[in-house]
Amino acid sequence: MLSTNLSNPQDLKTLIKQRNFLKGVLIGICILWPFVLAAAIYFYYKKDNIALFIPSITIFISFLPIYLRIKTLTSEIKSKELR
């Protein structure tokens, strides 16, 4: 029983580190996405190349799994802090 109590703070620390890392990744993607979208619009009007919209759409789609993982980690952290 004592070993499980000692491992809980370590598990909590790793969960917090994972959540903070994913928040950083999400912030980085949120900063990068408008620039990619602006470049796609610019090249679409200058060269009529619609292929650059593919990366802007895939970056936007990558928001959802990262956001859901952050939400799951936050709920796990809250449940472990209440114990």
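1. Leaving out residues up to four places away in sequence, Arg 19 touches Ile 70, Leu 73, Thr 74 and Ile 77, where contact means heavy atoms within 4.5 Å. Residues are numbered from 1 along each chain as its sequence is written, and side-chain values use heavy atoms, with hydrogens and water left out. The model is a predicted one, in which local features need pLDDT of at least 70 and side-chain atom pairs count only at pLDDT 80 or more, while totals for chains, interfaces and linings use all residues.

2. The protein chain has three helices and zero strands, and its pattern along the sequence reads α-α-α; helices (H or I, at least four residues) and strands (E, at least two) are DSSP runs, numbered from the N terminus. Of the contacts in the protein chain with a separation of 6 or more, 69% are between residues 24 or more positions apart.

3. Arg 19 is found in helix α1 and counts as buried because its relative accessibility is 18%; the classes are buried at under 20% relative accessible area, exposed at over 50%, and partly exposed in between (1.4 Å probe, protein chains only). Although buried, Arg 19 has no salt bridge, and the nearest side chain of opposite charge, that of Glu 81, is 6.5 Å away. A salt bridge here requires a side-chain nitrogen of Lys or Arg within 4 Å of a carboxyl oxygen of Asp or Glu, and for charge Lys and Arg count as positive and Asp and Glu as negative, with His and the chain ends not counted.

4. For Thr 72 and Arg 19 the C-alpha distance is 9.1 Å, at 53 residues apart in sequence. Thr 72 lies in helix α3 and is partly exposed, because its relative accessible area is 35%.

5. The largest nonpolar core has 11 residues, among them Leu 26, Phe 63, Ile 66, Ile 70, Leu 73 and Ile 77. Helices α1 and α3 (63-82) each supply at least two residues of this core, which is defined as a set of buried Ala, Val, Leu, Ile, Met, Phe, Trp, Tyr and Cys residues joined through side-chain atoms within 4.5 Å. Leu 26, with neighbours within four places in sequence set aside, is in contact with Phe 63, Ile 66 and Ile 70.

6. Buried residues make up 17% of the 83 residues in the protein chain. Its accessible surface comes to about 6,500 Å², with 70% belonging to carbon and sulfur atoms; such areas come from the Shrake-Rupley method with a 1.4 Å probe, and for residues only the protein chains shown count as cover.

7. Ile 41, Tyr 44, Tyr 45 and Ile 50 form a nonpolar surface patch with about 440 Å² of accessible area together. Patches consist of residues with over 30% relative accessible area and no salt bridge, like charges being joined within 9 Å and nonpolar side chains (Val, Leu, Ile, Met, Phe, Trp, Tyr) within 5 Å. Tyr 44 is found in helix α1 (residues 2-47) and counts as partly exposed because its relative accessibility is 31%.
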